[in-house]
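The exercises below are to be worked with the sequence and the structure in view. Each task is followed by a solution in steps.

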Amino acid sequence: MNYLQNIGAYFLMIAKMFHKPTKWSVMKQLILKDIDDLIIGSLGIVSFIAFFVGGVVTIQTALNISNPLIPKYLVGFATRQSIVLEFAPTFISIIMAGKVGSFITSSIGTMRVTEQIDALEVMGINSLNYLVFPKFVSLMLFPFVISIAMFLGIIGGMVACVYGGFATLEDYILGIQTDFIPFHITYAFIKTIVFAFILATIPSFHGFYMKGGALEVGKASTTSFVWTSVVVIILNYLLTQMLLS
Amino acid sequence: MIEVINLNKSFGDAHILKGITTSFDKGKTNLIIGQSGSGKTVFLKCLLGLFDYEEGTISYDGTIFSLLSEDDKRNLRAKIGMVFQGSALFDSMTIAENVMFPLKMFTKQSKSEMEDRVDFVLKRVNLDDAHKKKPSEASGGMQKRVAIARAIVNNPRYLFCDEPNSGLDPKTAIVIDNLIQEITKEYEITTVINSHDMNSVMEIGEKIIFLKNGLKEWEGSKDTIFKTDNTSVTDFVYSSNLFKKVRKMYLDETQG
């Protein structure tokens, strides 16, 4: 029953988020700040993880292809498919649920605990629009982060493949060009946009409606990470079923 | 003027406010006092529209708050200034940005006009060299003064203060009390203060409402509170020996 109530409250929060918009001159600054915090601030960790996981995917694929009849370029092909279809959009979204999601929950939760949200409401400001909408808008740039993850994952794979001696550079490049289906990129970006929406709203929900003090802010961050990850995984399954099967 | 008629508020089975009827006068410092758990904060949050209530009406200069649309409620709230117990300053902004915030949100003033207004109100609360500090770098007393500056910067018609003296030393508390009273007079604001600081009651309580278990037990002023024979009020206000002595001296002096 409590779950149903929370789901209802979540959708009401989304509806209220678009109501009574904050003055554009103020909103513009909030969006730019959130782009800096949520997007630019995540590029370092995303690049680092993408590069090395791309390398690991390549090594594991290469080590599992022991049959001499299988062409070497398949290493590049498998790396591209893994990274574009699953690793970059889904795995990076889970990482972002931890990094960005807990930041959103704790920052909004702290504002709740210290009555800053009440202060906004008393001033007649739609606090949901003021706090959540800029995060939603800035996370619409999430596909940019995922594009970088895709690129660096494939580069990481290439470095691991060539310097690990699993295949030549020509084979790897041939592999990443083989049977390229442009819709796979579209599919990855559709997933990314949906996950971006989830990343902006579920952590905000947990921060905005939290009750209690500093300890509860920590608990809310953990809960928000769990639920964001669960929803991302479920939607990943549903979207894959709808778009690829 | 704010008028409250038969206000009732419950949380589940707990009946918190039981038919409160009172009014808060314009240009006066109106105090709500009572023990912890008497319903003061709930009453204040009902006045601010942060809590819905089951029964009763609250009207701001004749406008009944509950009958307003959500947009009209927000427009009315733009005329309200609030000083929270913990100041509730925005951590991510400097002191000047905190004070400028209501101007940015609700006025079309140019940047220089807003800066002039911020300079003026910060001077008014005796904080003319703290513009660039973050709230975390300011003392409790400074934070309270910034909160007052933010509350008055947009010329509010109503000012609410939730325990403005909590956590402050007695000297700073008196400075804050006097500041609130001066501002109330100067700008003809309807000020409502939630307090259990007896110094505030004696200093600035032009109208005092005493709540007990969600009921309005007594209503009067700083002058009449000395003479009341309501034992609930006297037990609460004169609970310390010092205040008992002060009251005795006052009564001896006035009767003598």
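Helices (H or I, at least four residues) and strands (E, at least two) are DSSP runs, numbered from the N terminus. This is a predicted model, in which local features need pLDDT of at least 70 and side-chain atom pairs count only at pLDDT 80 or more, while totals for chains, interfaces and linings use all residues. Residues are numbered from 1 along each chain as its sequence is written, and chains are lettered from A and ligands numbered from 1 in the order in which they are written.

**Exercise 1. Locate Asp128(B) and decide whether Asp128(B) is buried or exposed.**

Step 1. Asp128(B) is found in the loop between helix 4 and helix 5 of chain B.

Step 2. A residue is buried if 20 or more other C-beta atoms lie within 10 Å of its own, exposed if 12 or fewer, and partly exposed in between, with C-beta atoms placed from the backbone.

Step 3. Asp128(B) has 11 other C-beta atoms within 10 Å and is therefore exposed.

Step 4. Two residues are in contact if their C-beta atoms, placed from the backbone, lie within 7 Å. Not counting residues up to four places away in sequence, Asp128(B) touches Leu122(B) and Lys123(B).

**Exercise 2. Describe the secondary structure and the burial of chain A.**

Step 1. Chain A has ten helices and zero strands.

Step 2. The C-alpha trace of chain A spans about 70 × 40 × 35 Å along its principal axes.

Step 3. Of the 245 residues in chain A, 44% are buried.

Step 4. Take the contacts in chain A between residues at least 6 apart in sequence: 88% of these join residues at least 24 apart.

**Exercise 3. State which residues of helix 8 of chain A are buried, and on which side they lie.**

Step 1. Helix 8 of chain A covers residues 169-177, and its buried residues include Tyr172(A), Gly175(A) and Ile176(A).

Step 2. These three cover an arc of only 90° around the axis, so they are on the same side of helix 8 of chain A. The arc is that of the directions from the helix axis to the C-beta atoms.

Step 3. A general rule applies here: an α-helix has 3.6 residues a turn, so residues three or four places apart point the same way.

Step 4. Glu170(A) and Gln177(A) are exposed on the other side of helix 8 of chain A.

Step 5. The cover over the buried residues of helix 8 of chain A includes helix 3 (74-113) and helix 7 (142-163) of chain A.

**Exercise 4. Determine the burial and the contacts of Val232(A).**

Step 1. Val232(A) belongs to helix 10 (residues 214-244) of chain A.

Step 2. Val232(A) counts as buried because it has 24 C-beta neighbours inside 10 Å.

Step 3. Leaving aside neighbours within four places in sequence, the contacts of Val232(A) are Thr90(A), Ser93(A), Ile94(A), Ala97(A), Phe195(A) and Ile198(A).

**Exercise 5. Characterise the packing of helix 3 of chain B against helix 4 and helix 5 of chain B.**

Step 1. Axes are lines fitted to C-alpha atoms, for helices over the stretch in contact, and angles run from 0 to 180 degrees between N-to-C directions. Angles under 35 degrees count as roughly parallel, over 145 as roughly antiparallel, 65 to 115 as roughly perpendicular and the rest as oblique.

Step 2. Helix 3 (residues 95-106) and helix 4 (residues 111-124) of chain B pack at about 125°, with axes 9 Å apart. Helix 3 of chain B is therefore oblique to helix 4 of chain B.

Step 3. The residues of this contact between helix 3 and helix 4 of chain B comprise eight nonpolar, no polar and two charged. Here Ala, Val, Leu, Ile, Met, Phe, Trp, Tyr, Cys and Pro count as nonpolar, Asp, Glu, Lys and Arg as charged, and the others, Gly among them, as polar.

Step 4. The axes of helix 3 and helix 5 (residues 140-152) of chain B come within 7 Å and cross at roughly 25°. These two helices of chain B are therefore roughly parallel to each other.

Step 5. This contact is formed by Ile95(B), Asn98(B), Val99(B), Phe101(B) and Pro102(B) of helix 3 of chain B with Val146(B), Ala149(B) and Arg150(B) of helix 5 of chain B.

**Exercise 6. Describe the side of chain A that touches chain B.**

Step 1. In chain A, 13 residues are in contact with 16 residues of chain B.

Step 2. Helix 4 (residues 116-122) of chain A gives the most to this side, with five residues.

Step 3. The residues of this side of chain A divide into five nonpolar, three polar and five charged.
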